[in-house]
Amino acid sequence: MKNYRVQKSVKETIIYIFMIIFALIALVPVWILLVNATRSTKQINAGLSIFPSTHAFHDWTDPVTGAVTKSNWHALTDRGFKIALGFKNSIVIAALSTIFNVYFSALTAYAIHIYRFKGRKVLWGVIMTLIMLPASLSFIGFYQFMAKIHLTNTYIPLIVPSIAAAGTVLFMKQYLESILSLELIEAARIDGENEFMIFNRIVLPVVKPAIATQAIFGFVASWNNFMTPFVLLSKTEKYTLPMLVQMLRGDIYRTEYGGIYLGIAISLIPIIIFYIFMSRFIISGLTMGSVKE
């Protein structure tokens, strides 16, 4: 018994050590980003630091020349970094694409799981094939199609295609197979509910943890998406926050790296808020669907 306890204690210690290592691997880059957001371009070029500076929101005096350099915040605002505009555009795109993603993916997964229609297996095979195809494979054709139907410089191609999210459909279907009772659906049909109301009133509350989990992933992916808006949008007033941060880059002699890091740090705020708000659903959303009675 004593040897068993010792072995168990050693195993737990090893697990905790690995958990700490993995946590550091995940958190250190974020911490360095936040630290660099407080440092000047000169300080960043001088080398890595793990301690914040006082440069970000205050004027900074060069210890050698005594010259006062603009802070990172001034570097952002003086170079036309429209924070409010970027937040508004990114939130509109991320929120709508996330809603479309999770709702229609859940609806598709529900239809494939419940109904036994002709071509069901073929449709599921197509969805599984789409998961394995890289998104960049169809990017040129997608842009040409959007240009041909005059949808460039609009948010439609950034929002509507999120309806076709094969990975989310797969997750939702697996969750429904393990958690949804077919007797519950039959009882609702006997009570006279139509199919669409059954999905909205009964199925959606049941799959709420899975929806919340996929909503987090979808929101983060849409918020951080740079390439697609960069290709499709050319009007500055429609730029997303990642695009506005990219505009801070000048040539190699004028790039304010401190301002860029501060802009990136600011762009993380909505993601953190959204994650904190939805995080209570993550564990239940990832584990409940893996247990079947």
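Which backbone oxygen lies 2.8 Å from a polar atom of the side chain of Ser97? The backbone oxygen of Ile93 does. A polar contact here is a pair of N or O atoms within 3.5 Å; within protein, one must be able to donate a hydrogen and the other to accept it, and residues adjacent in sequence count only if both atoms are side-chain atoms.

The model is predicted: local features need pLDDT of at least 70, side-chain atom pairs count only at pLDDT 80 or more, and totals for chains, interfaces and linings use all residues. Residues are numbered from 1 along each chain as its sequence is written, and side-chain values use heavy atoms, with hydrogens and water left out.

The protein has 16 helices and two strands. These are DSSP runs numbered from the N terminus (helices: H or I, at least four residues; strands: E, at least two). Of the 293 residues, 37% are buried. Buried means under 20% relative accessible area, exposed means over 50%, and partly exposed lies in between (1.4 Å probe, protein chains only). The accessible surface comes to about 18,000 Å². Carbon and sulfur atoms account for 68% of that surface. Areas come from the Shrake-Rupley method with a 1.4 Å probe; for residues, only the protein chains shown count as cover. Among contacts (heavy atoms within 4.5 Å) between residues at least 6 apart in sequence, 71% join residues at least 24 apart.

Ser97 is found in helix 4 (residues 83-114). Ser97 counts as buried because its relative accessibility is 4%. Leaving aside neighbours within four places in sequence, Ser97 is in contact with Leu158, Ile159, Ser162 and Ser222. Ser222 belongs to helix 11 (residues 208-224). At 17% relative accessibility, Ser222 also counts as buried. Ser222 touches Ile93, Ala94 and Ser97, not counting residues up to four places away in sequence.

Helix 15 spans residues 269-278. Pro270, Ile271 and Met278 are buried there. Seen down the helix axis, the buried residues fall within an arc of 100 degrees, so they line one face of helix 15. The arc is that of the directions from the axis to the C-beta atoms. On the other side, Ile273 and Ile276 are exposed.

Helix 1 (residues 2-36) contains Phe22. Phe22 is exposed, with a relative accessible area of 52%. A nonpolar surface patch of about 740 Å² is made by Val6, Val10, Ile14, Ile17, Phe18, Ile21, Phe22 and Ile25. Patches consist of residues with over 30% relative accessible area and no salt bridge; like charges are joined within 9 Å, nonpolar side chains (Val, Leu, Ile, Met, Phe, Trp, Tyr) within 5 Å. A salt bridge is a side-chain nitrogen of Lys or Arg within 4 Å of a carboxyl oxygen of Asp or Glu.
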